[in-house]
Amino acid sequence: RDAAVLPSVVDAVARADRHESLRGVSVLVVDDDEDTLQMLGVMLAGYSAEVRAAGSEAEALKILERFEPDVIVTDLAMPGADGYSLVKKLKALDAERGRRTPVVALTAYVRVEDRARALSAGFQMFVPKPVEPDELLTAIEHLAESGATERGGHPPERR
């Protein structure tokens with residue numbers, strides 16, 4: 001009985017250690033739901049990420065005029081301009097700046113065809129809602145590290 005409990009405890013400790021810090025990682029979170037935006041911002045800041053939050057595509061594009069995040073996390077289903085519109089505009093902005101900003105699709109639409117559409121539209125990763133913190137943190141860490149390497153920089157500092 002105790003042996004069955006041990007692996008889950010070990011897994012929980014390993015996950016916590018793996019996500020000890022996102023120090024040096026900047027993230028733009030875009031979601032029209034204020035509660036989700038606040039929850040994600042608090043969670044990421046709790047892991048020492050530099051976080052900016054936007055409630056719409058327009059607000060995100062305004063923030064991107066003066067902030068170059070390592071990773072963008074955006075909801076797909078937003079009123080007006082959705083996450084697909086944002087990723088399309090981001091590709092054009094990145095082309096002008098000579099960079100490639102990785103983007104995580106965040107959505108309650110979790111069918112295989114939803115995932116395929118998001119990935120073919122230019123998102124690098126797909127994280128379903130409700131958000132599983134470990135999954136989102138792993139996606140951000142992976143994309144921040146691969147993005148830094150692609151840009152010829154060093155992976156973000158970990159502590």
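Which residue is the bridge partner of Leu 28 in β3? In this predicted model, that partner turns out to be Ile 72. The pair belongs to a parallel arrangement in which β1 and β3 (residues 71-75) are joined by four bridges.

On to the rest of the sheet. Five strands make it up, lined up as β2-β1-β3-β4-β5, with parallel pairing, and the sheet is open. The edges go to β2 and β5 (125-128), each with a single partner strand, so one side of each has no neighbour in the sheet. Going from one strand to the next, the twist averages 20°.

Strand β1 (residues 26-30) also pairs with β2 (residues 50-54): the two run parallel and share five bridges. Here Ser 26 sits opposite Glu 50 of β2. To get from β1 to β2, the chain passes through helix α2 (residues 34-46), giving a right-handed β-α-β crossover.

As for the helices, α4 lies across β1, β3 and β4 (103-107), and runs at about 155° to β3. Helix α4 (residues 83-97) also meets helix α5 (residues 112-121): their axes come within 10 Å and cross at roughly 20°. With angles under 35 degrees counting as roughly parallel, α4 and α5 are therefore roughly parallel to each other. Their crossing is right-handed. On the α4 side, the contact is made by Tyr 84, Val 87 and Lys 91, while α5 brings in Asp 114, Arg 117, Ala 118 and Ala 121. Sorted by type, the residues of this α4-α5 contact come out as four nonpolar and three charged, with no polar ones.

How values were computed: Residues numbered from 1 in each chain as written. Predicted model: local features only at pLDDT ≥ 70, side-chain atom pairs only at ≥ 80, totals over all residues. Heavy atoms only, no water. Axes fitted to C-alpha atoms, helices over the stretch in contact; angles between N-to-C directions. Parallel < 35°, antiparallel > 145°, perpendicular 65-115°, else oblique. Left-handed = near helix turned anticlockwise from the far one by under 90°. Contact = heavy atoms within 4.5 Å. Nonpolar A, V, L, I, M, F, W, Y, C, P; charged D, E, K, R; others polar. Pairing = 2+ DSSP bridges. Right-handed = clockwise from strand over helix to strand, strands pointing away.
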